[in-house]
Amino acid sequence: MWALDPPSHSAKDSWDICTKLSRDTKDNENLGTKLREASSVAQNAAETFRVAAEAHMLHALDPENFKIEGIADKSVTTIAYISGMTKGPGRTIYNDLMAAPEDDLCPLCRHSEVTQLDHVMPKMDYPALCVAPQNLVPVCGICNHTKNSQTSTVAGQVLLHPYFEHTGTGSWLYAAVVPNSRGRLEYFVKSPVQWTQTFSARVQYQFEFLKLSKRYSTRASQTLNGMREYFASELKNNGSDGLRTHLNRLAESHLSKDHNDWRGVAYRSWADSDDFCRGSFTMPA
């Protein structure tokens with residue numbers, strides 16, 4: 001849901017680099033040559049994909065239009081992606097893609113560190129896109145495992161593609177203190193008025209699909225546990241208003257760069273809670 005600069009590598013260059021060492025053998029019916037000759041097919045497939053992504057139409061792509069004729073899907077992905085990109089000369093492209101997030105955080109969740117490349121359109125279903133850089137997004141293991149090979153033909157259930165679409169700079173992530181919980185937060189999405197109905201549905205779907213409410217709430221609780229004594233001291237020395245001011249300053253600092261930073265949202269939500277600022281977070285568990 002957060003923006004990521006599109007890769008500079010072209011689909012054609014990536015395909016050519018990742019297939020250049022593929023060999024012809026007596027038994028594989030000139031598989032290496034066939035793969036290299038499919039460069040224009042891969043390039044055209046990547047362009048079709050790009051146009052669909054920019055038009056928010058990924059749900060309309062037909063997997064049958066992204067095959068390499070005469071070569072089994074598994075052979076394409078095994079040779080081009082696994083042997084050619086992750087283990088071969090395309091590794092430099094792989095590494096460049098992985099290094100794209102400046103803070104190493106997953107653009108789908110901004111919760112966990114990037115550890116893997118995700119195929120936006122699954123490589124086994126869309127083999128012509130298996131090494132197309134714009135189909136490869138650096139993500140965390142949690143999001144990649146949850147997403148797996150998920151795609152959808154429903155417009156409102158397509159995860160946002162960080163290279164082409166994102167939630168913008170406005171606020172949409174909020175949280176509220178759960179009553180009688182010593183400060184535990186429940187996160188939720190509140191769509192800005194300028195969002196379309198479909199875009200709002202997609203953000204809500206992604207939020208729920210990736211279980212972001214629970215993931216953010218867990219991290220916020222861990223943060224609170226480490227700050228509980230400090231907040232109690234601030235309350236004792238400066239009163240409820242002093243604690244609220246301190247929490248708002250922490251919120252402003254975190255939200256200055258990203259209005260939807262889960263940490264900033266946490267501090268803002270605690271500051272907005274009268275019970276919290278009066279000391280409910282100090283009550284016995």
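Is R182 buried, partly exposed or exposed? In this predicted model, R182 counts as partly exposed, because its relative accessibility is 25%. The legends below begin with the whole chain and then go to close-up views.

**Figure 1. Overview of the protein chain, with ten helices and four strands.** Along the sequence, the elements of the predicted model follow the pattern α-α-α-α-α-β-β-α-β-β-α-α-α-α. The C-alpha atoms fill a box of roughly 80 × 35 × 30 Å along the principal axes. The chain has 285 residues, and 48% of them count as buried. Of the contacts between residues at least 6 apart in sequence, 69% join residues at least 24 apart.

**Figure 2. The loop between β3 (173–177) and β4 (185–189), with N180, R182 and P179.** Most residues other than glycine have a negative phi. N180 is not a glycine, yet its phi is positive, at about 55 degrees. R182, also not a glycine, has a positive phi of about 65 degrees. The accessibility of these loop residues can be read one by one. N180 has a relative accessible area of 87% and is therefore exposed. P179 is exposed as well, with a relative accessible area of 65%. R182 has 25% relative accessibility, so it falls in the partly exposed class. P179 and F276 are 97 residues apart along the chain, and their C-alpha atoms are separated by 9.7 Å.

**Figure 3. Helix α1 (residues 11–19) and its buried residues.** The buried residues of α1 are A11, S14, W15, C18 and T19. They lie on the same side of α1, because the arc they cover around the axis is only 110 degrees. Among the elements that cover these buried residues are α2 (31–37), α3 (39–54), α4 (73–86) and α5 (91–98).

**Figure 4. L117 in strand β1 (residues 116–119).** With a relative accessible area of 6%, L117 is buried. Which residues does L117 touch, not counting those up to four places away in sequence? They are Y81, Y94, L97, M98, L136, V137, P138 and N144. A separate pair in this view is L117 and S10, which are 107 residues apart in sequence, with 17 Å between their C-alpha atoms.

**Figure 5. Helix α8 (residues 212–255), with G226 and H246.** Leaving aside neighbours within four places in sequence, H246 is in contact with Y230, F231 and E234. G226 is 38 residues from F188 in sequence, and the C-alpha atoms of the two are 23 Å apart in space.

**Figure 6. Cysteines C140 and C277, in a structure with zero disulfides.** A disulfide is a covalent bond between the sulfur atoms of two cysteines. The search that finds zero disulfides covers the whole structure. C140 is in no disulfide, and the nearest cysteine sulfur, that of C143, is 3.6 Å away. That separation is not within the 2.5 Å cut-off for a pair of cysteine sulfur atoms, so C140 and C143 do not count as a disulfide. C140 is buried, with a relative accessibility of 1%. C277, at 0% relative accessibility, is also buried.

**Figure 7. The largest pocket, with about 470 Å³ of space.** The pocket is lined by 21 residues. Which of them are the closest to its centre? They are W2, A3, L4, E102 and R110. Sorted by class, the lining of the largest pocket consists of eight nonpolar, seven polar and six charged residues.

Conventions:
Residues are numbered from 1 along each chain as its sequence is written. This is a predicted model: local features need pLDDT of at least 70, side-chain atom pairs count only at pLDDT 80 or more; totals for chains, interfaces and linings use all residues. Side-chain values use heavy atoms; hydrogens and water are left out. Helices (H or I, at least four residues) and strands (E, at least two) are DSSP runs, numbered from the N terminus. Buried means under 20% relative accessible area, exposed over 50%, partly exposed in between (1.4 Å probe, protein chains only). The arc is that of the directions from the helix axis to the C-beta atoms. Contact means heavy atoms within 4.5 Å. On a 1 Å grid over the protein atoms alone, a cavity is a set of points where a 1.4 Å probe fits but cannot get out, and a pocket is an open set with protein on both sides within 12 Å along at least five of seven lines; lining residues have an atom within 4 Å of a point. Grid points are joined across faces, edges and corners, and a volume is the space filled by probe spheres set on the points. Ala, Val, Leu, Ile, Met, Phe, Trp, Tyr, Cys and Pro count as nonpolar, Asp, Glu, Lys and Arg as charged, and the others, Gly among them, as polar.
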